Amino acid sequence: MPIAELNHQGIYFEDSGGPGPVLILGHGFLMDGRMFDAQAEALAPEFRVIRWDARGFGRTRWDGQPFSLYDSAADCIALLDHLGIQRAVVGGLSQGGYCALRVALRYPERVRGLVLMSTSGSMDGEQGRAGYRQVRDLWGTPGAMENILQLYSRVIIGDSRFLSPWLERWRQTPKAAFVAATNNLLERDDIEPRLGEIRCPAIVFHGLADAAIPVSEAQVLVDALGGRTRYVPIPGAAHAPTLTHPELLNPPLVEFMREFSG
């Protein structure tokens, strides 16, 4: 398996290879790089697509220590270094988008553009944070798990046709990893006031049926980012349009990536 030993983690990644502009993608909470299968297929071989699994999820070997979104941003940059890539378009969905924004703030010289999907620069409200804490504390508890999984399946994916094999992967997520990953989200800082510092081109995707992050957050990003930014709403999509609506997401993504060719 392609594992890079970076920052005391064994970071799992997939790299399509090729000479074209590079897009590196970070996944959402509870997911892994396989949520971008349709994008990797659509973009390669014209572009080089790299997908990586964040600490606590997928096939990455996490060291068991607490981590922050800035640790994830450092993992992203370390992976680019490992692959000999100086600059890339950095993208992500939800948690992966939180990471991508922090990569752009902390390492602006490494970022050619941003692909932001179902994400935000702000913190969750107290009601949302209380919900995160409740699920965190109940994760793995017999009797509660199936209710939690059904909740996440509705909020993240929405369309039951796309649930397999994600439900089984979620069931196998260890309590310690789930707790650390949840705390990573709960403890994130509010970077909305700093979004104007990000000057690179960006494209923002958001499902119009997203119950996890309000659609209004997409417009906040478009208005606040300091570079040229395009907004692509995805009708009917919940939180993971890369899985459920690739036919609406992929064409504008390809068009955006072509801006970096030549």
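How much space lies in the second largest pocket? About 260 Å³ lies there, and this value, like the others below, comes from a predicted model. Of the 16 residues lining this second largest pocket, F57, G58, R169, Q172 and T173 are the closest to its centre. Helix α6, residues 166-171, gives the most to that lining, with three residues.

Now for the largest pocket. Its lining counts 19 residues, and Y132, Y152, V155, A211 and A212 lie nearest the centre. Two helices, α4 (126-138) and α5 (145-157), each supply at least two residues of this lining. The top contributor is α4, with five residues.

| Pocket | Volume | Lining by class |
|---|---|---|
| Largest pocket | about 430 Å³ | twelve nonpolar, six polar and one charged residues |
| Second largest pocket | about 260 Å³ | eight nonpolar, five polar and three charged residues |

Next, let us look at an annotated part of the chain. An unreviewed UniProt entry carries the annotation "domain: AB hydrolase-1" for residues 21-119. That span is 33% helix and 23% strand, and its end C-alpha atoms lie 23 Å apart.

Finally, meet a pair of helices. The axes of α2 (residues 69-82) and α3 (residues 95-106) come within 8 Å and cross at roughly 75°, so the two helices are roughly perpendicular to each other. On the α2 side, the contact involves L69, Y70, S72, A73, C76 and I77, which meet Q95, Y98, C99, R102, V103 and R106 of α3. By class, the residues of this contact are eight nonpolar, two polar and two charged.

Methods: Residues numbered from 1 in each chain as written. Predicted model: local features only at pLDDT ≥ 70, side-chain atom pairs only at ≥ 80, totals over all residues. Heavy atoms only, no water. UniProt positions renumbered as here; feature names shortened; annotations may be inferred. Helix = DSSP H or I, 4+ residues; strand = E, 2+ residues; numbered from the N terminus. Axes fitted to C-alpha atoms, helices over the stretch in contact; angles between N-to-C directions. Parallel < 35°, antiparallel > 145°, perpendicular 65-115°, else oblique. Contact = heavy atoms within 4.5 Å. Nonpolar A, V, L, I, M, F, W, Y, C, P; charged D, E, K, R; others polar. 1 Å grid on protein atoms, 1.4 Å probe; cavity = no way out; pocket = protein on both sides within 12 Å on 5 of 7 lines; lining within 4 Å. Points joined across faces, edges and corners; volume = space filled by probe spheres on them.
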